[in-house]
Amino acid sequence: MHTIIEPFRIKSVEPIRPSTRTERELWLARAKLNLFSLHTAEVLIDLLTDSGTGAMSSEQWAAIMRGDETYAGAVSFDRFQAAVRETTGFEHVIPTHQGRAAEHLLFGLLGGPGRMIPNNTHFDTTRANIEIGGACAADLPCRESADLHSDEPFKGNMDLEALERVLHSAGKSVPLVMVTITNNAGGGQPVSLANLRGVRALCDRYAVPLFLDACRFAENAWLVRAREPGQHGRTPAAIARSFFDLADGCTMSAKKDGLANIGGFIALRDPEMADELRTRLVVTEGFPTYGGLAGRDLEAIAVGLREVLDPDYLEYRHASIRYVVERLRAAGVPVAWPAGGHAVFLDARRFLPHLDVQEFPGQALALELYLEGGIRSCEIGSVMLGRTNGAGEFEPAQHELVRLAIPRRTYTQSHMDYVLEVIQAVWQRREGVRGVRISKSPKVLRHFRAEFERTPERAGAAR
Ligand code: F0G
């Protein structure tokens, strides 16, 4: 059978309401052209993020009722710890309220001025948590990641030669190497087991610990199973475990592959580092057996970590994303290829070639998808990752992407057909799409709260 069916039936529904284009224009003007400033009722299909926006299963809701809200020594923590240990093999499990809190703790301990932390590509919160402490965040994506349209199966990989150069020249100042699976900022592309083995070998040679940013570890395992020679016969759980076995620890946002609405953790092997982290945890997150979460959240994550490795679930999840990506590509729409693990990434530079990078084509395209069909997506380009350097020059991001992140178990196949229709409608009238400029910008993580205005229409521009 070719029809993709969701491997679940729906027990609880939440209405979504269509709006008119005139309404959306008004709402967007009030939001100062920042999609993060829209209200939920103003969005029809919300693909802003796959983080914390998934649907929980009946088993998770049942587990929530068992939540033990004891301050210290809650049995919910035991269940959470057992699930994390089972999945990762890491002995020490430190709960946090979400992924960035785990990053804040880890880099509070290991970062600081004069330090450098390499990653395949740092996610924006990871980079911010490193930089806020005075350390340097280095992105070392593999060369293949530069071409969004080639068939390379593992564009999430780290550039091993570049890592070796960094470790050789600055090894003493590198407190750990991170690898993000899947590589979110690089298009949701997977990291191969072979690549991680290469990273491990270099870490061993220079005696530097290796941590995974494991937010999407199950999706990465599924793509490895599909694409890496020798992995096809293995279960996603076994493949995921091979990744964790190569690492010394991980940070995790349970809002992604924890299938929960909130939560995260650090898990690691080193008992002394774990002890230090727990001491800091009490100051900002809470006692080590809840770390900023309610007992019921710990329960939801414990169940989610097991459900996310179900091959039926992972097969449907990837099939549904691949479906959108393949159809867009067949229609000539520039979309990152091959399909990544959690999202559809449009290549806004090729979609809107008449716009200069300084007119933020990614932001312009995201606004257009909203105006056309009430779809909220997210720019991952120069608004999020671009910089103005010391000399006041604009440094663009590597790519100008629009990410349509698919929440887990939330939208159905007909929603995906609607998304396709909206993207294709904007593609048909792409020449008329105008750029934007930033009118107000906070100092860090500017994409969340920046305000924009339209750039003036150029004389002779096609409409
Ligand atoms: N690392 C990666 C790779 C992420 O994608 C995220 C979050 C984090 C860390 C931080 O986790 O949100 O729980 O604090 N990504 C979300 C996104 C926000 O939309 O991609 P968090």
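Buried, in this talk, means under 20% relative accessible area, exposed means over 50%, and partly exposed is in between, with a 1.4 Å probe and protein chains only. By that rule Ser 145 is buried, at a relative accessible area of 8%.

Before going on, the conventions. This is a predicted model, in which local features need pLDDT of at least 70, side-chain atom pairs count only at pLDDT 80 or more, and totals for chains, interfaces and linings use all residues. Residues are numbered from 1 along each chain as its sequence is written, and side-chain values use heavy atoms, with hydrogens and water left out. Helices (H or I, at least four residues) and strands (E, at least two) are DSSP runs, numbered from the N terminus.

Back to Ser 145. Ser 145 belongs to the loop between strand 4 (136–139) and helix 6 (160–170). What does its side chain reach? The side chain of Ser 145 comes to 2.7 Å from the backbone oxygen of Cys 142. That is a polar contact, meaning a pair of N or O atoms within 3.5 Å; within protein, one must be able to donate a hydrogen and the other to accept it, and residues adjacent in sequence count only if both atoms are side-chain atoms.

Ser 382 is buried, at 0% relative accessibility. A polar atom of the Ser 382 side chain lies 2.9 Å from the backbone nitrogen of Ala 397.

Now the ligand. There are 17 residues around the ligand, and Thr 49, Arg 100, Ser 253, Lys 256 and Arg 403 come nearest. Here a residue is near a molecule or strand if one of its heavy atoms lies within 4 Å of it. By class, the shell holds two nonpolar, eight polar and seven charged residues. For that count, Ala, Val, Leu, Ile, Met, Phe, Trp, Tyr, Cys and Pro are nonpolar, Asp, Glu, Lys and Arg are charged, and the others, Gly among them, are polar. Which helix gives the most to the shell? Helix 4 (residues 99–110) does, with three residues.

On individual atoms, a polar side-chain atom of Thr 49 is 2.7 Å from an oxygen atom of the ligand. An N or O atom in the side chain of Ser 253 is also 2.7 Å from a ligand oxygen. For Arg 403, a polar side-chain atom lies 2.7 Å from an oxygen atom of the ligand. The protein covers 94% of the 470 Å² of accessible area that the ligand has on its own, by the Shrake-Rupley method with a 1.4 Å probe.

Next, backbone geometry. Most residues other than glycine have a negative phi, and most peptide bonds are trans. Where are the cis bonds to look at here? One runs from Ile 181 to Thr 182, with omega near -20°, and another from Trp 337 to Pro 338, with omega near -5°. Thr 182 is in the loop between strand 5 (177–180) and helix 7 (193–205). Pro 338 is in the loop between helix 12 (311–330) and strand 9 (343–347).

On phi, Leu 259 is not a glycine, yet has a positive value of about 50°. Leu 259 lies in the loop between strand 7 (249–253) and strand 8 (264–268) and is buried, with a relative accessible area of 5%. Phe 360, also not a glycine, has a positive phi of about 50°. The loop between helix 13 (348–351) and helix 14 (361–373) holds Phe 360, which is buried at 5% relative accessibility.
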